[in-house]
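The sequence and the structure are shown first.

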Amino acid sequence: MVYAIIEADGKQIWIEPGKYYDINYIPGEPGDYIQFNKVLALKQESSIHLGKPCIKSACIKAKILKHIKGKKITVFKAKSKKNCRKKKGHRQKLTRLLIEKVFQ
């Protein structure tokens, strides 16, 4: 089993080749390839490599599948005794990535 822990948009994500993940919006067209160089940990067949803080020689290649919107959340603010109410909705823009290669 091959997996890696990367840092993307300030978050740490456990990834495996051949699977897709939804992360915060990355500018680019569907079909474009991107690389992640901040690999924090990498496990290959029988060895584990840990970075201090990153593994300099490791790289992740991913393909942008599509841009989507996340689940809708409702923001409701009210001030007591003032009859002041605000209701807003928000949907986060996300990018769906397919992890193609994990190499060192």
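The model is predicted. A count of salt bridges in it comes to 2. Side chains of opposite charge can pair when their charged atoms come close. The two pairs are set out below.

| Salt bridge | N to O distance |
|---|---|
| Glu 16 and Lys 19 | 3.5 Å |
| Arg 96 and Asp 22 | 2.8 Å |

The pair formed by Arg 96 and Asp 22 joins strand β10 to strand β3, and it therefore ties together parts that are 74 residues apart in sequence. Arg 96 has a relative accessible area of 18% and is buried, whereas Asp 22 is partly exposed at 38%. In the other pair, Glu 16 has 18% relative accessibility and counts as buried, while Lys 19, with a relative accessible area of 41%, is partly exposed. Glu 16 is classed as buried because its value falls under the 20% limit.

**Core and cavity**

The largest nonpolar core comprises 20 residues. Those with the most contacts inside this core are Ile 6, Ile 15, Phe 36, Val 39, Ile 60 and Leu 97. Two or more core residues come from each of the strands β1, β2, β3, β4 (33-36), β5 (39-44), β7 (59-69) and β10. Ile 15 illustrates these contacts: apart from residues up to four places away in sequence, Ile 15 touches Tyr 3, Ala 4, Ile 6, Tyr 21, Ile 60 and Ile 99.

A search of the whole structure for cavities of 30 Å³ or more finds 1, and the volume of the largest cavity is about 40 Å³. Its lining consists of Ile 6, Ala 8, Ile 13, Ile 15, Tyr 21, Ile 23, Phe 36, Leu 97 and Ile 99. Strands β1 (3-8), β2 (11-15), β3 (20-24) and β10 (93-103) each give two or more residues to this lining.

Ala 62 belongs to strand β7 and is buried, with a relative accessible area of 0%. Beyond its neighbours within four places in sequence, Ala 62 is in contact with Asp 32, Tyr 33, Ile 34, Phe 36, Leu 97, Leu 98, Ile 99 and Glu 100. The C-alpha atoms of Ala 62 and Tyr 21 are separated by 10.0 Å, and the two residues lie 41 residues apart along the chain.

Asn 37 sits in the loop between β4 and β5. With residues up to four places away in sequence left out, Asn 37 touches Ile 55, Ala 58 and Cys 59. Asn 37 and Glu 7 are 30 residues apart in sequence, and their C-alpha atoms are 8.6 Å apart in space.

**Backbone geometry in the loops**

Most residues other than glycine have a negative phi, and most peptide bonds are trans. Lys 52 and Pro 53 are joined by a cis peptide bond, with omega about 0°. Pro 53 is located in the loop between β6 (47-50) and β7.

The loop between β8 (73-79) and β9 (84-90) contains Lys 81, and Asn 83 also lies between β8 and β9. Lys 81, which is not a glycine, has a positive phi of about 65°. The phi of Asn 83 is likewise positive, near 55°. Lys 81 counts as exposed at 83% relative accessibility, and Asn 83 counts as exposed at 63%.

Conventions
Residues numbered from 1 in each chain as written. Predicted model: local features only at pLDDT ≥ 70, side-chain atom pairs only at ≥ 80, totals over all residues. Heavy atoms only, no water. 1 Å grid on protein atoms, 1.4 Å probe; cavity = no way out; pocket = protein on both sides within 12 Å on 5 of 7 lines; lining within 4 Å. Points joined across faces, edges and corners; volume = space filled by probe spheres on them. Helix = DSSP H or I, 4+ residues; strand = E, 2+ residues; numbered from the N terminus. Core = buried A, V, L, I, M, F, W, Y, C linked by side-chain atoms within 4.5 Å. Buried < 20%, exposed > 50% of the residue type's maximum accessible area, 1.4 Å probe, protein only. Contact = heavy atoms within 4.5 Å. Salt bridge = Lys/Arg side-chain N within 4 Å of Asp/Glu carboxyl O.
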